[in-house]
Amino acid sequence: MGDFIGHVYPGLFLVLYGLYQATVVSRALIFNDSLLHPSCLPKNKGRWARLWKIAHGGWCKVVTGSFLIVYEISCMEGELKLMDKVMPPRFMYPKEWQHLTMFTLLTLDGCVDVLSKNVLPQRCVALERGAMVLGFYELLLLLVSHVKDSSGVELHVHSLLILVVFLLTLVLTAELWAPEMFHLWIMETFLLLMMGSWLIQAGFILFRPVSGYPWDDDDISDIMFVTTFFCWHMIINALCLLGIYALSSFWHHCYSPSWKLMGFKEAQYHESTSGPLYRLLWEAEQLDKDDQTVLLSKSAPCVRA
């Protein structure tokens, strides 16, 4: 992760995951639906229904984390060792081991999602959210120690990243007690987008500066512009969330009202057929039919006459 690709790939994954979650939250807000147990899932048992129930987010975490682990190991110049053989022994590759720990946490988080959604007989939301919160707490600790030997622009870039991770950890912790609160999910989505986009920006600042020249640690204007870029990311990600919600609202109001209405009527029908309300309605319909039959039988002789 100590290079351009090592910053861009995790950032790109977080951005794509945040965009996906933004569409899910927007749909739930528009339909006033549950975030953890959406009602739009197909209820048939065909092939498409089984594909729909796969933990896509969990598998994406597993694949991305595994790829980053392999990439980190392949970028090592020598053999990955924990300690050297000199006396007294010293720990080796501290940053690389921290990177591997971060990617392993991502992979394990994905495994927990897959286990909860596709292996256990009943989904355990508390297990999923708890594993995610634990992973971000450990990520926060790793990042704090990760910048001990940094200075200047690099220190400022990572300090802003630590701020985002800290706020995201607080939001995820609050979700343990309020897992269905829309405000928390919106903040989580925004912070995921911020974390991803800022990781990508950090890759360009530290390894591929646009000007072609490295940033100057002794120039105060460079430090100030790092903060300015961070604020621009906040504005862009907030507008991105607003745009996704607007597009989702337009799409669902133009193409989905009839589907939603049909589903609502079918749900009402299935609910009423199993309760006393259906019996009352059925008896009322039968009485109306009997009354109509009596009226027709009385009016029939008059018609013949």
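# Exercises on helix packing and aromatic pairs

Helix 5 and helix 7 are oblique to each other in this predicted model, and the exercises below begin with that arrangement.

**Exercise 1.** Work out why helix 5 and helix 7 are described as oblique to each other, and state which residues make their contact.

*Solution.* Two packed helices are described by the angle between their axes and the distance between the axes. Helix 5 covers residues 125-146 and helix 7 covers residues 182-206, and the two pack at an angle of about 40° with their axes 15 Å apart. Angles under 35 degrees count as roughly parallel and those from 65 to 115 as roughly perpendicular, so an angle of about 40° belongs with the oblique ones. The crossing of these two helices is left-handed. On the side of helix 5, the contact involves Arg129, Met132, Phe136 and Leu139, which meet Trp185, Glu188, Leu192 and Met195 in helix 7. Sorted by class, the residues of this contact comprise 6 nonpolar, no polar and 2 charged.

**Exercise 2.** Decide whether Arg129 is buried or exposed, and list the residues that Arg129 touches.

*Solution.* Arg129 is found in helix 5. Its relative accessible area is 11%, and since buried means under 20%, Arg129 is buried. Leaving aside residues up to four places away in sequence, Arg129 touches Leu172, Glu175, Leu176, Trp185 and Glu188.

**Exercise 3.** Find how helix 6 and helix 8 are oriented to each other, and which residues of each make the contact.

*Solution.* The axes of helix 6 (residues 152-175) and helix 8 come within 9 Å and cross at roughly 25°. That angle makes helix 6 roughly parallel to helix 8, and the crossing is right-handed. Helix 6 contributes Gly152, Val153, His156, Val157, Leu160 and Val164 to the contact, while helix 8 contributes Asp222, Ile223, Val226, Thr227 and Phe230. These residues divide into 7 nonpolar, 3 polar and 1 charged.

**Exercise 4.** Describe the packing of helix 1 and helix 3, and then the aromatic pair formed by Tyr9 and Phe67.

*Solution.* Helix 1 and helix 3 have axes 11 Å apart and pack at an angle of about 180°, and they are therefore roughly antiparallel to each other. In their contact, Ile5, Gly6, Tyr9, Pro10, Phe13 and Tyr17 of helix 1 meet Gly57, Cys60, Lys61, Thr64, Phe67, Leu68 and Tyr71 of helix 3. By class, this contact has 9 nonpolar, 3 polar and 1 charged residues.

The structure holds 8 aromatic pairs. One of them joins Tyr9 and Phe67, whose rings are 5.6 Å centre to centre with 40° between the planes, a tilted arrangement. Tyr9 lies in helix 1 (residues 4-31) and Phe67 in helix 3 (residues 56-74), so the pair ties together parts that are 58 residues apart in sequence. Tyr9, at 38% relative accessibility, counts as partly exposed, and Phe67, at 42%, counts as partly exposed.

**Exercise 5.** Classify the pair formed by the rings of Trp198 and Phe230, and say where the two residues lie.

*Solution.* The ring centres of Trp198 and Phe230 are 5.2 Å apart and their planes stand at 90°, so the pair is edge-to-face. Trp198 lies in helix 7 and Phe230 in helix 8 (residues 220-255), so the pair ties together parts that are 32 residues apart in sequence. Both Trp198 and Phe230 are buried.

Notes
Residues are numbered from 1 along each chain as its sequence is written. This is a predicted model: local features need pLDDT of at least 70, side-chain atom pairs count only at pLDDT 80 or more; totals for chains, interfaces and linings use all residues. Side-chain values use heavy atoms; hydrogens and water are left out. Axes are lines fitted to C-alpha atoms, for helices over the stretch in contact, and angles run from 0 to 180 degrees between N-to-C directions. Helices (H or I, at least four residues) and strands (E, at least two) are DSSP runs, numbered from the N terminus. Angles under 35 degrees count as roughly parallel, over 145 as roughly antiparallel, 65 to 115 as roughly perpendicular and the rest as oblique. A crossing is left-handed if the near helix is turned anticlockwise from the far one by less than a right angle, and right-handed if clockwise. Contact means heavy atoms within 4.5 Å. Ala, Val, Leu, Ile, Met, Phe, Trp, Tyr, Cys and Pro count as nonpolar, Asp, Glu, Lys and Arg as charged, and the others, Gly among them, as polar. Rings of Phe, Tyr and Trp (its six-membered ring) pair if their centres lie within 6.5 Å; planes under 30 degrees apart count as stacked, over 60 as edge-to-face and the rest as tilted. Buried means under 20% relative accessible area, exposed over 50%, partly exposed in between (1.4 Å probe, protein chains only).
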